[in-house]
Structure formats: structure tokens, C-alpha cells
Amino acid sequence: MSLWRQAREVARVDLVVEGRVGETVRVIVPFAVAALLVLPFATGPNLALLRQVGMPVFWTLGVLFGMQIALRQSANDTDARRDLYALAGLDPAARFVGRAMSAAALLVVFLAVLLIATLALYDTPVTGDMTLPLAVALVLFAYGMAALATLAGEVSSGLRSRGALASLIVAPLSLPLVMGAAQTVAAMDRGTGILAWSLLLLASDIALTVVGVAVAGPLEESRT
Amino acid sequence: MRLAAVQPLVAFAGVGVTRDGNALVDDVDLEIAPGEVVGISGPNGSGKTTLLRLVATLLRPDRGEGTVFGARIGTSQVFGVRRNIGVVGHEPALVPELTIRENLDHVARLADLDRSRIVPVLETVGLAGAADRRVRAASRGMQRRAEIAQILLRDPSLLLLDEAASGLDRDAQGLIEALTRRVVSRGGAVVTVSHDPAHLEGCTRVLRITAGRLSA
């Protein structure tokens, strides 16, 4: 079976499990939306300021809560499930890609909900022309965050300080993703070119996938 | 004419595993040939499960060398042979949030197996009526049957049983015995570990493990 088909199967089952457990919807989305509500209380009813900070706040919350979602996905494996995958002949690289795909799908949904809440609460101006670049930036950002967190989850798997270590890996390495996504939208708003920033996002996604696929086997080997 | 020597499925020489300064398994020499049913007995904490995980290629040794189906354990060579290994362990290797049928389907898709065999396999293990029950909600006995179904579907050549008969009714124990006969009849081998010598009756060879050391 090809790596791609195995990866799709891992992603499919991850999403079925998430659909039944519902952790992302039930826990993380309400917390993220609640976090959006905090800032207006801190700044007071300054609508001009809220409009200005709407998108930066969105991307910041996207990193913080997106990291939680993606790390939670990568931490789904129990020892028994790892054994199941190993003995079913699952390619470690396929597990990495599948897990990144399922986390990315959850992140896209999460970011879409968060974006709608941001637009509603902060009165952030988004014109019709911005819809497509924003959607592209959102999807590329979601996949990059998912791949990065999956990679961090794999690197720190089995360690006692897993949670802290994975977050420490993700936070600095997410910088090109945040810059790329935020600047794509900002450049669109200014009416300047978005190609360079979109390419930064795309290049980051590709680099993270290549690294993840390359190290999946050795990481699996070192874990036994 | 010289007959070619039968290649062992498992060959360990001086294999040992140490964790937190404790030797869980030490200096193990073990060869398992096709057709063998090897029993390993020993008290709790003697290293039975650790040894079984080494044979399953799911654990890397700190010392010594070992091969399973010719692949060196602790290296990426084992990725290619793991499909030939089936384990019935303490914790069922199943996804708890999926139903029993979905678990079999998942394994079949991952291992590129014939999915039309899922229903017959479920009937064989007596789970046809409970196939749509989630593993999390199934009884321990049902989970064990589901694990046996998963192994039947994969049809491995090396079957590893870790206290597999404990807590099972006569019917389920019969399933494990039938699975053992099936693997052996197809040229495979079985390793079964138990603290209860009664569960090792019928083995072609019984070894004892004490404080991580294996003896005849």
C-alpha cells in the first residue's frame, strides 16, 4: 500500500475518533472564543483600536490554540495503538503525514470559527477581494502548524517533559508561518503584492513535511 | 544430497534490556524454528513481557544481537517484517473509540488486506452480533476476541501470546488454541508466556525466565 493511501487512512480514523470524542469542539474552540472576548474588556470600547488589532489577535490565538489542537492530535497514540500500527506495517512516514493531515483539517475548521468570531467581535474589515487570499493563507498556515506540531509531538514522544518540550519546539519555529499568514492578509489590505509571503508559507509547509517524512523512520526506530 | 538447515524465525544471542539501572532481560540466547510452540513461564516481573516485546520487534535491546525473520531488531529492517507478527498482549491493540468492525476495517486498509474477510472472521470469533459495539464499551473478553479477529485477518507467521488465556472462557481459550494450530500448520511459530504452567500445556518446548534470565 502506498504511503499516501496509508496516510489518508490514518487521517480518516483520526477524524472519526475526534468526531466521537469531540475534544476540539467541546473544549478548545470555546476557550479560544472566550480569549477573543477578553481583549475588548482590557482595552475598553475603543472600536478603532479593535478593528486595527483584530487580525493580529486572530493569528496570535491561532498559534496558541492551534498548537494545542495539533499537539493533542499527535498525542493521541496510546502504546497499544502504536503497537497496532507497527504490526499492521504502517510506514512511520505515512503516520506522520496522516496525523498532520487530520490535525490540519481540525485546524482549518477551528480557524474558520475563530475568524468568524473575530470578524463579528472586532468589526475587522475584510473585503470580498480578500476572501481568497485569506482562505489560502489560512489553509497553508493550518497545515504548517499541524505539520510542525506533529513533528514536535513525534520528537518529544515518550519523554516526561513532553508537553513543555513540544511547545518550546513549536513556538519559535512557527514564526515563519505566523509572519507569512499575517503578512499575506496585511499586504492584501495595503494593496501590495502577496506572492512573497504566500511563498514563504508554502515553502515552510513543504520544508516541514520533508523533514517530518525524513525523520519519521529514525524516530520510530529510536522509540522502540 | 545435503538438506538445507531450517532457518530460525527468531535468533537472539546475548540480548539484554536495562531500564533505570535494572536489567529487565539479560543475556538471552534463544532460537525459535518454524513449527515450534515455545512456552515461557516465570513469576510476575521476571521479564516475560519484555522478552515478548523484543521478539515482537517492538523493543530495542541494549546488548546483544537478535534477528526476527532475518531482520535485525532495533533497526529499520524490522519495519518490513512486522506484518508477519501477531501479538495478543495485556492491552488490546485496538482503537477504543472505533467499533470492533471498524477496527478490523482500519487494519485491513492499513495492511492492504482483503476486506471481504472481515465478516467471516467476525463470525469465527463469535463477534458477528457485537461487531458494531465500540471497543471501549466491549467487555474484556470481547476485546480479546476482537484482537484475535484482527490477528486472524492479518494471518501472521509468528504469534506471540502474553498471558492470552487469562480470564477467558473455554470458548475463547479454544479460539486461541485454534489460532495456535493454524499458525503452526502454516509453517509459523508461536511463543506463549504465562505465569501459570497449566496454560503452557501442549507447547513443544517450555523455558523458564527468572530475574530476566532464560533457562531450559
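A: Side chains of opposite charge can pair when their charged atoms come close. Here Arg109(B) and Asp105(B) form a salt bridge with N and O 2.7 Å apart; the term means a side-chain nitrogen of Lys or Arg within 4 Å of a carboxyl oxygen of Asp or Glu. This is a predicted model, where local features need pLDDT of at least 70 and side-chain atom pairs count only at pLDDT 80 or more, while totals for chains, interfaces and linings use all residues. Side-chain values use heavy atoms, without hydrogens and water, residues are numbered from 1 along each chain as its sequence is written, and chains are lettered from A in the order in which they are written.

Q: Is Asp105(B) buried or exposed?

A: Asp105(B) is buried, at 15% relative accessibility, and Arg109(B) is partly exposed at 27%. Buried means under 20% relative accessible area, exposed over 50%, and partly exposed in between (1.4 Å probe, protein chains only).

Q: Which residues does Arg51(A) pair with in a salt bridge?

A: Arg51(A) pairs with Asp123(A), at 2.6 Å between the closest N and O atoms. Arg51(A) is in helix H3 and Asp123(A) in the loop between helices H5 and H6 of chain A, so the pair ties together parts 72 residues apart in sequence.

Q: How many salt bridges cross between chain B and chain A?

A: The rule finds five across that interface, including Arg20(A) with Glu102(B) at 2.7 Å, N to O.

Technical notes
Helices (H or I, at least four residues) and strands (E, at least two) are DSSP runs, numbered from the N terminus.
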